[in-house]
Amino acid sequence: MVRLGWPVKASKVLIGTGGQAKNLLLSTAPSNLEPALQIIVRDNNIDQALKALKKKMQREGIFREMKLRGAYEKPSEKRARERAEAVRRYRKLQRKRAQREGLIPMSKPKT
């Protein structure tokens with residue numbers, strides 16, 4: 001079992017093989033909770049399971065939270081970071097509105 005030094009959004013990560021259970025738990029929460037992330041290992045393909053796990057953890061924001069909690073962040077740095085994030089969100093919203101209104105061309109879908 002691997003324990004992290006701070007609470008994470010995913011209380012448990014369960015990796016199991018179809019019928020036989022092989023578990024990898026990342027937990028700081030009580031064990032009676034349902035797993036937030038569940039990855040199924042098919043045909044002992046651990047690489048594919050780890051890739052799926054990493055993708056889910058990225059979507060949940062766990063890596064970002066780990067990076068933020070890795071070192072102390074001064075209150076002034078925190079305010080500056082939050083302000084920059086707010087500006088980014090606002091600009092993204094304005095760009096999406098302009099695209100919907102036809103003022104700028106739609107972005108190409110990722111392939």
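Predicted model: local features only at pLDDT ≥ 70, side-chain atom pairs only at ≥ 80, totals over all residues.
Residues are numbered from 1 along each chain as its sequence is written, and side-chain values rest on heavy atoms, with hydrogens and water left out.

The chain contains three helices and two strands, taken as DSSP runs numbered from the N terminus (helices H or I, at least four residues; strands E, at least two). Read from the N terminus, these elements follow the order β-β-α-α-α. Of the 111 residues of the chain, 19% are buried, and the accessible surface amounts to about 9300 Å², with 53% of that area belonging to carbon and sulfur atoms; the areas come from the Shrake-Rupley method with a 1.4 Å probe, and for residues only the protein chains shown count as cover. Among contacts (heavy atoms within 4.5 Å) with a separation of 6 or more, 40% are made by residues 24 or more positions apart.

The average for the chain is 77, and 68% of the residues score at least 70. Among the elements, α3 has the highest mean pLDDT, 96, whereas strand β1 (residues 13-17) has the lowest, 47. Over residues 1-29 the pLDDT stays under 50, and for this stretch the model has 67 contacts beyond four places in sequence.

Helix α3 comprises 26 residues (75-100) and reaches 37 Å from its first C-alpha to its last, close to the 38 Å expected at 1.5 Å a residue, where the expected span is 1.5 Å times one less than the number of residues. Its buried residues are E85, A98 and Q99, and what covers them includes helix α2 (62-69). Just after α3, G102 adopts a positive phi of about 85°.

Four salt bridges were counted under the criterion of a side-chain nitrogen of Lys or Arg within 4 Å of a carboxyl oxygen of Asp or Glu. In one of them, R64 pairs with E85, with 2.1 Å between the closest N and O atoms; this pair links distant parts of the chain, R64 lying in α2 and E85 in α3, 21 residues apart. The two partners fall into separate accessibility classes, R64 being partly exposed at 47% and E85 buried at 14%. Another bridge joins R69 to E65, with the closest N and O atoms 3.1 Å apart. Both residues belong to α2 and lie four residues apart, about one turn of the helix; here E65 is buried, at 17% relative accessible area. A further bridge connects E73 with R81 at a closest N to O distance of 2.8 Å. Both members of that pair are partly exposed, E73 at 23% relative accessibility and R81 also at 23%. Finally, R64, E73, R81 and E85 are linked in a network of salt bridges, in which the buried E85 is a residue of helix α3 and R64 a residue of helix α2.

Conventions: Buried < 20%, exposed > 50% of the residue type's maximum accessible area, 1.4 Å probe, protein only. pLDDT = per-residue confidence, 0-100.
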